[in-house]
Amino acid sequence: MKAPYGGSFEAPDGSEHLLGSMQRIDFPMRRRPVTEEVDYVIVGVGSAGGVLLQRLARAGFRVLGIEAGPFWDTERDWVSDEAGSHQLYWEDLRITGGTDPLALGANNSGKGVGGGSVHWAAFTPRFHPSDFEVYTRDGVGADWPISYSDLKPYYELLEREMPVAGPAYYPWGDPHGYPFGPHPMGGVGNTLIDGCSKLGIRVSAGGPVAILSGSRADRPHCIYRGFCIQGCKVGAKASTLITHVPDAIARGAEIRDRCMVSRIEYDRKTNRVTGVSYIDREGREHFQRAKSVIVSGYAIETPRLLLNSACDGYEQGLANSSGVLGRYLMAQAGSVILGRFENLVRMYKAPPAHALTEEFYETDPRRDFARGFAVQTVATLPIAFGKQMMAARGNWGWGLRRVMMDYNHWSAFGLLGEILPWADNRVTLAKEKDQFGLPVAHVTFSLHDNDRKLMRFGTRKTEEIMRAAGAQEVVHEARYAHLVGGARMGSDPASSVVDAFGRSHDIANLFVCDGSILPTQGSANPGLTIQALAARTGDYLIRQGNRIFTSNDRDSIAPPVRHDLSPPDTFTGGVPHYSGATASR
Ligand SMILES: Cc1cc2nc3c(=O)[nH]c(=O)nc-3n(C[C@H](O)[C@H](O)[C@H](O)COP(=O)(O)OP(=O)(O)OC[C@H]3O[C@@H](n4cnc5c(N)ncnc54)[C@H](O)[C@@H]3O)c2cc1C
Ligand code: SF4
């Protein structure tokens, strides 16, 4: 499918997309007339949208992805430079509020084909079985309408499709092993392992992370240059831009990039959506007809688009008869704990994501709060390090220069703590408008008692690990990570927006497929779960076939898992060492 690119670089013409320094799609993308109706239009080709686009294209549907950002040419557009990579992020206007306002911008969603999977660190732990029944077990948060066992086959599938490198035996949640061997340790990983080992805390070394530890097919292995969050120019880190989108395009999917969907159109007579309006890169407005619409725009932009699509029949937001749309938005506690070591650490010399512990993940009755947290490597680059030192120590001027010159002696861990879903943490529409004249998102976020207790305890524990590793000085910067929720799934239409397959309770041919459907967030990074859910929604849509397009009837029968829809090379190449059987305790 792809030909080696041979090293030299020529700018591509409009029908070509280079995908990594050594790869390109050597066939043109299908272009349909704007007047042609498609089966599915997907709003946003990010983590979830990229997987779903590929599944639906493979199954033979006429599928179109409309993406607000560019179709990245990784060779031309990406730079190995911390300051030069801000174009990857959604930095359009958003308003933040609440008693603990979230920083919006670089630390949230992506903008461009691949979405947030382009700049994610690619940590890929699974959610634990307990995450799917938080309310039943702990009396807080919510239960999911599905269980861990419903998602497990999709975890296994996506771990091969990305693929994920990690230990042969991963002890937490549902113990399992990984299809690719773990990565060698860098300086930060070594400090986490030292600290945990001294305290008797189990720690996972070298993953799970969706970065190649050995080359596979036409993708090279990691070269440990540390620019994962800037978009991996090498092609070793998985993003849907390189894992799923090429196969989608080969199977006839179309992507219209730099096109902003402004509204989902609705017909009250049939109670069905009819397509989307969007503004193209030249500022022209179009209406794209579709038999079904899938919104995959991220935890902020998905509720925003549905709220902006309010109409006769759904005056408080499309598919929002419950009033829940925009509510139960979550962010994980993501404080960074930095420690200075006598010896050189050189934290840039490895992927930021390469070691973690989930030893504190589950509710522990000896603690005064429900749920738990993980501790992970984060390994910031110099500019981010400088900002962290300003926040953590108040360094400025000459003091900041001095600490930045000392960068190679510092290590950084991240706390990843489960903040519970609260109805008052939400996305609403602001009075301010964006460059298209559309009301922007207003994000309200406030911590509750359980969240504060969890953050205090988790920060202390992470500091303890850093000190046990031998750090002479330990400081921390409070922050948050990974927004999810806002259009949550559930069995009860009165308290959720979509059902167990992402189908709107209100409108039978409208779906949501992204992180916004998560009812709770655990303390695992959400990307693998988001992509696994997308593959499951894909199987459901394929099993439903034309019924989605012709009928408002619905069934909730789980479809068979379609292993035959994976991108090429999923089950070949590389150095897999895991046979598929679940390891026992
Ligand atoms: C710095 C950083 C590091 C991270 N590291 C990890 C990690 O290690 N592991 C992990 O699991 N997760 C990580 N994440 C989180 C992860 O990237 C996100 O959870 C995930 O990408 C969200 O997927 P999504 O499909 O919901 O949205 P996205 O992947 O953000 O996709 C949404 C897409 O929709 C497009 N869009 C939105 N609105 C419109 C519109 N109206 N019209 C057209 N297009 C639109 C956007 O441009 C975007 O491309 C990280 C995030 C950040 C910021
Ligand atoms: S460290 Fe590895 S995965 Fe990260 S940017 Fe470098 S080559 Fe890519």
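Author: Contact here means heavy atoms within 4.5 Å. With that in hand, and keeping in mind that this is a predicted model, we can begin with the chain as a whole.

Reader: Among contacts between residues at least 6 apart in sequence, what percentage join residues at least 24 apart?

Author: In this protein, 73% of those contacts join residues at least 24 apart in sequence.

Reader: How many of the residues count as buried, and what supplies the exposed surface?

Author: Of the 585 residues, 62% count as buried, while the protein exposes about 20,600 Å², of which carbon and sulfur atoms supply 51%. Along the principal axes, the C-alpha atoms fill a box of roughly 70 × 55 × 55 Å.

Reader: Which values should I look for when reading a pair of packed helices?

Author: Two packed helices are described by the angle between their axes and the distance between the axes. Here, the axes of helix H5 (residues 187-199) and helix H11 (residues 449-468) come within 7 Å and cross at roughly 100°. Angles of 65 to 115 degrees count as roughly perpendicular, and H5 and H11 are therefore roughly perpendicular to each other.

Reader: Which residues meet where H5 and H11 are in contact?

Author: From H5 come Leu192, Gly195, Cys196, Lys198 and Leu199, and these meet Glu464, Ile465 and Ala468 in H11. By class, the residues of this contact divide into 5 nonpolar, 1 polar and 2 charged.

Definitions and conventions
Residues numbered from 1 in each chain as written. Chains lettered and ligands numbered in written order. Predicted model: local features only at pLDDT ≥ 70, side-chain atom pairs only at ≥ 80, totals over all residues. Heavy atoms only, no water. Axes fitted to C-alpha atoms, helices over the stretch in contact; angles between N-to-C directions. Helix = DSSP H or I, 4+ residues; strand = E, 2+ residues; numbered from the N terminus. Parallel < 35°, antiparallel > 145°, perpendicular 65-115°, else oblique. Nonpolar A, V, L, I, M, F, W, Y, C, P; charged D, E, K, R; others polar. Buried < 20%, exposed > 50% of the residue type's maximum accessible area, 1.4 Å probe, protein only. Areas by Shrake-Rupley, 256 points an atom, 1.4 Å probe, with all protein chains shown as cover.
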